[in-house]
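Work through the following exercises with the sequence and the model at hand. Each task is followed by its solution in steps.

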Amino acid sequence: MIIDIAPAPALYPYYQQENDTVIVVDIFRATTTMCHMLHNGAAAIIPVAEIDEAKRYKAEGYLVGAERHTRKCDFADCGNSPFDYTPERVERKEVVFTTTNGTRAIRQGENARQLLIGSFSNIGALAEHCMEHADRIVILCAGWNNRINLEDMLFGGAFLERLTASGTVTIGSDAVRVAQLMWQEAKSDPLTFLKGSDHYARLIENGAEGDAVYCLSSDTLSVVPQYNRTDKKIRAFR
């Protein structure tokens with residue numbers, strides 16, 4: 001198995017190959033939140049890149065989660081915190097979801113052979129799935145407005161460690177080596193490592209730093225979200 005990392009969506013075309021399995025990660029917080037939605041019983045997630053599209057779904061009666069620049073959009077039912085999506089709110093519903101970076105990264109990678117949603121919360125289940133169903137993996141980091149961030153790269157290092165424990169893995173580029181070095185330094189206390197990061201500062205500024213502990217907790221969920229290119233929805237892999 002080969003693993004590579006696109007450190008930001010704008011760089012994805014330079015890492016993309018035919019028949020890839022792409023894992024979109026936006027640790028703070030979109031992909032963590034999507035995993036949480038499906039774990040709590042959402043029937044599907046409809047990721048949309050733009051606010052206007054989310055508003056149209058809202059007018060049609062859909063439950064809509066929308067965030068820009070770490071803040072919940074005024075028109076939306078929910079924001080980008082995992083804790084917004086309780087079982088009572090999402091069970092058996094299709095949730096429309098748009099965020100600053102995560103849902104745009106999904107749009108970037110949507111033509112991959114297989115597109116999955118990754119987070120620390122489902123890292124073990126995701127690694128098991130990939131060992132069985134993937135030959136070449138590209139972790140597509142959502143970053144921040146096409147800039148690299150620490151938390152998504154950190155996931156890449158942690159995911160490499162999980163795969164290596166289960167089998168032989170070939171490193172695809174230096175981006176993976178960078179992530180590996182970061183994880184070796186951070187893994188004993190990821191939260192402290194990230195407290196100096198740009199996005200952690202945004203969480204604090206917007207009163208959302210409480211989400212960070214959840215977003216960095218490993219193996220709390222067993223769901224593997226998978227994007228369907230035909231109807232453009234994300235569902236739990238069966």
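Two strands pair if DSSP finds at least two bridges between them. Helices (H or I, at least four residues) and strands (E, at least two) are DSSP runs, numbered from the N terminus. The model is predicted: local features need pLDDT of at least 70 and side-chain atom pairs count only at pLDDT 80 or more, while totals for chains, interfaces and linings use all residues. Residues are numbered from 1 along each chain as its sequence is written, and side-chain values use heavy atoms, with hydrogens and water left out.

**Exercise 1. Describe the pairing of strand E10 and the facing of its side chains.**

Step 1. Strand E7 (residues 114-118) pairs with E10 in the antiparallel sense, over two bridges. Within E10, tyrosine 227 is the bridge partner of leucine 115.

Step 2. E10 is also antiparallel to strand E11 (residues 233-236), to which four bridges join it. Here glutamine 226 has arginine 235 of E11 as its bridge partner.

Step 3. E10 and E11 make a hairpin with four residues between them, and lysine 232 in the turn has a positive phi of about 60 degrees.

Step 4. Buried means under 20% relative accessible area, exposed over 50%, and partly exposed in between (1.4 Å probe, protein chains only).

**Exercise 2. Is leucine 115 buried or exposed, and with which residues is it in contact?**

Step 1. Leucine 115 belongs to strand E7. Its relative accessibility is 1%, so it counts as buried.

Step 2. Contact means heavy atoms within 4.5 Å. Leaving aside neighbours within four places in sequence, leucine 115 is in contact with Val22, Val24, Ile106, Gly109, Glu110, Pro225, Gln226 and Tyr227.

**Exercise 3. At what angle do helices H7 and H8 pack?**

Step 1. Axes are lines fitted to C-alpha atoms, for helices over the stretch in contact, and angles run from 0 to 180 degrees between N-to-C directions. H7 (residues 150-166) and H8 (residues 174-186) pack at about 90 degrees, with their axes 7 Å apart.

Step 2. H7 is therefore roughly perpendicular to H8 (under 35 degrees counts as roughly parallel, over 145 as roughly antiparallel, 65 to 115 as roughly perpendicular, the rest as oblique).

Step 3. Residues making the contact include Leu150, Met153 and Leu154 of H7, and Ala175, Val176 and Trp183 of H8.

**Exercise 4. How many disulfides are there?**

Step 1. A disulfide is a pair of cysteine sulfur atoms within 2.5 Å. The count by this rule is zero.

Step 2. For cysteine 35, the nearest cysteine sulfur is that of cysteine 215, 10 Å away. Cysteine 35 is buried, at a relative accessible area of 0%.

Step 3. The closest cysteine sulfur to that of cysteine 130 is in cysteine 35, at 12 Å, which is too far for a bond. Cysteine 130 is buried too, with a relative accessible area of 0%.

**Exercise 5. Locate backbone features in the loops.**

Step 1. Most residues other than glycine have a negative phi, and most peptide bonds are trans.

Step 2. A cis peptide bond joins phenylalanine 28 and arginine 29, with omega about 10 degrees. Arginine 29 lies in the loop between strand E2 (21-25) and helix H2 (30-39).

Step 3. Asparagine 19, not a glycine, has a positive phi of about 70 degrees. Its loop runs between helix H1 (12-15) and E2.

Step 4. Threonine 70, not a glycine either, has a positive phi of about 80 degrees. Threonine 70 lies in the loop between strand E4 (63-68) and strand E5 (71-72), and it counts as buried at 8% relative accessibility.
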